[in-house]
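Welcome! Have the structure open beside you, and let this briefing walk you through it topic by topic.

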Amino acid sequence: MDGTCTAEALVSAKPISFLGGVDPADGRVIEKNHDLCGACIKDKVLVFPHGHGSTVGSYVMYSLAKKGLAPAAIINQTADPVVVVGAIIADIPMIDQLDIRRIKTGDTVEVDGFKGVVRILKRKENLGTCT
Amino acid sequence: MYLTREEESIYDGSSGWANQTCIRILVRLGELFNAEKLIPIDSAHVSGVSYKTLGDAPIEFLRALADADARVKVRTTLNPQSLDSHYLGKKLPKHLQEPQLDILKQFKRMGLTQSLTCTPYYLQRPKRGSHHAWAESSAVVYANSLLSAWTNREGGPSALAAAIIGKTPDYGIHKTENRQPNVTVKIETKLKNETELGALGILLGKTVGDKIPAIKGLPTTSKDRLKQLCAAIAASGMANMFHFDCSRTKETEKLSVDSHQIKQTIEELSTAATNQPDLVFLGCPHCSLNEMKRITQLTEGKKVRAGTELWVCTSCHIRQMAGDYVKKIERAGGHVLDGVCTVVSWTEKLGIETIMTNSAKTAYYAPTLNKAEPLLAPLQDCLKAAFQG
């Protein structure tokens, strides 16, 4: 989808439901047991496999955007109707059909929605050993 | 995706932001599902009307669309709301009523009919072979399976976009080759009533996923009863239609359902440990005129017991035709609520903790959407529980 941006990535391995899963008042993920629970999606390049849940989720994305709480861009493994429609009405650049495992939380990424290209500009510095 | 010159011009913004946003939704969804073009629709049916399920978020978008002069191009009906002005509106606080009225106002500005029903096919029956963009899942299965009218299962926003453009992307069940059955289900028991048909729906929804079942061994029965199968199969799964006979089915996966499975499904859905429920609810999906008549017959000379409420939900359209029935049901102490869906109403704010119903769809949703324990039983048993003595 149209639009470009450069921002920090916030990556989830789990599907996101914008209705009930994200607080429309502050942009934080509130779904219990979600790997992003507590994280704020505002101005991030939000990376997750796909959306799920009610189609009202599209409207929640519009509402977040109106309050300045929307992600700067969305990258999905597979696009689904809820997120696709939400990205259009909220004017959020979106790319799908991408191996999202290659992006890590904290990476600085450039998203070009016109060309459908994602560039990892800077990896997050490795602060410790991950196992 | 192929766009006509006119569609392309709307896509580029010549008809303003509202139309541009709507056609972009349709084109992007079309691309997602490999549609080659947009096709005209006869009608649209929009879900996402109840303030309880919507919350505040959509109001802004709906108002922005209406402000930008979005107007529907085809006849467009609306799903039920969270309360009515006659009964529930008087019991619930203002802060729940005003946003609901605001939502309806924005839809009205865009030209949607205030039908407020999940059974739009009772208002105007769609023609065989006609294309639609409907978003109420029970009505989608009813239209495809019982009326041979063609519609995908839309979401609230995509149905609204289709209504405003008057078209829908040509994919899924709009194509003949995607309407063929791909799983055969043999019913090895005689399904006795609407509740058993609903239980079959819940069971099939869970097992067939988004496949199209050909169901062998369904009883010869009314559309009113089959409506329960339509609603339930859509609630627990993603099936958009079913077929009755298997004559056209080639070699497909085969399943069978026996009486034990039906009984077990009804038991699993009936978690309330009482025979005096707080609410007895009939009308999911909304009652037809015939169902109103049948309820009235079973209500004659009876009185609803203290501590139990009886709600009968239907559309305003059917209510107007059912004047005498409404009077009789209300004389017996029941409430005929029009334009309301109990599942998306504020039952928990009225102290309702147990709901008895003949609808498997309601029983399936009540624990999460109403925070209530359901009891699933046929119409006569529901009414028996509602009355004194």
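In what order do the six strands of the open sheet in chain A lie? The order is β4-β3-β2-β1-β5-β6 (chain A), and the pairing is mixed. Please keep in mind that this is a predicted model.

**Where chain A meets chain B**

- Chain A brings 16 residues to the contact between the chains, and chain B brings 17 residues.
- On the chain A side, α2 (56–66) and α3 (81–90) each supply at least two residues.
- The largest share of that side comes from α2(A), with seven residues.
- Sorted by class, the side of chain A that touches chain B holds twelve nonpolar, three polar and one charged residues.
- Across the contact, α2(A) packs against helix α4 (residues 57–67) of chain B, with the axes 7 Å apart and at an angle of about 80°.
- Because of that angle, α2(A) is roughly perpendicular to α4(B).
- From α2(A), the residues making this helix contact are A:Val56, A:Tyr59, A:Val60, A:Tyr62, A:Ser63 and A:Lys66, while α4(B) contributes B:Ala57, B:Pro58, B:Glu60 and B:Phe61.
- Seven of the residues in this contact of α2(A) with α4(B) are nonpolar, one is polar and two are charged.

**The domains of chain B**

- Chain B is divided into domain 1 (5–176), domain 2 (180–268) and domain 3 (270–386).
- Between the C-alpha centres of domain 2 of chain B and domain 3 of chain B there are 24 Å.
- Each of these two domains gives 16 residues to their contact.
- On the domain 2 side, the elements giving two or more residues are α9 (194–208), α10 (223–236) and α11 (259–269) of chain B.
- The helix that gives the most to that side is α10(B), with seven residues.
- By class, the domain 2 side has six nonpolar, six polar and four charged residues.

**A strand pair and B:Thr77**

- Strands β2 (residues 43–46) and β3 (residues 75–78) of chain B run parallel, joined by four bridges.
- One pair to look for is B:Ser43 with its bridge partner in β3(B), B:Arg75.
- In general, side chains of a regular strand alternate between the two faces of the sheet.
- In β3(B), B:Arg75 and B:Thr77 point one way, B:Thr76 and B:Leu78 point the other way, and all are buried.
- Why does B:Thr77 count as buried? B:Thr77 has 27 C-beta neighbours inside 10 Å, and the cut-off for buried is 20 or more.
- Leaving out residues up to four places away in sequence, B:Thr77 touches B:His45, B:Thr113, B:Ser115, B:Pro120 and B:Leu123.
- Of these, B:Thr113 is 36 residues away along the chain, yet the C-alpha atoms of B:Thr77 and B:Thr113 are separated by 5.2 Å.

**The five-strand sheet of chain B**

- Another open sheet has five strands in the order β12-β11-β10-β13-β14 (chain B), with parallel pairing.
- The edges are β12 (335–338) and β14 (373–376) of chain B, each pairing on one side only.
- On average, neighbouring strands of this sheet are turned by 25° against each other, direction ignored.
- Strand β13 (residues 354–357) of chain B runs parallel to β14(B), with four bridges between them, and B:Thr354 has B:Glu373 as its bridge partner.
- Helix α16 (residues 379–386) of chain B packs on the sheet and touches β10 (279–282), β11 (309–314) and β13 of chain B.
- The direction of α16(B) makes about 150° with that of β10(B).

- B:Thr265 is found in helix α11 of chain B and is buried, with 27 other C-beta atoms within 10 Å.
- Setting aside neighbours within four places in sequence, B:Thr265 is in contact with B:Ala199, B:Ile202 and B:Leu203.
- The C-alpha atoms of B:Thr265 and B:Leu376 are separated by 9.9 Å, with the two residues 111 residues apart along the chain.

Terms used. Residues numbered from 1 in each chain as written. Chains lettered and ligands numbered in written order. Predicted model: local features only at pLDDT ≥ 70, side-chain atom pairs only at ≥ 80, totals over all residues. Domains from an automatic or database assignment. Contact = placed C-beta atoms within 7 Å. Nonpolar A, V, L, I, M, F, W, Y, C, P; charged D, E, K, R; others polar. Buried ≥ 20, exposed ≤ 12 C-beta atoms within 10 Å, placed from the backbone. Pairing = 2+ DSSP bridges. Axes fitted to C-alpha atoms, helices over the stretch in contact; angles between N-to-C directions. Parallel < 35°, antiparallel > 145°, perpendicular 65-115°, else oblique.
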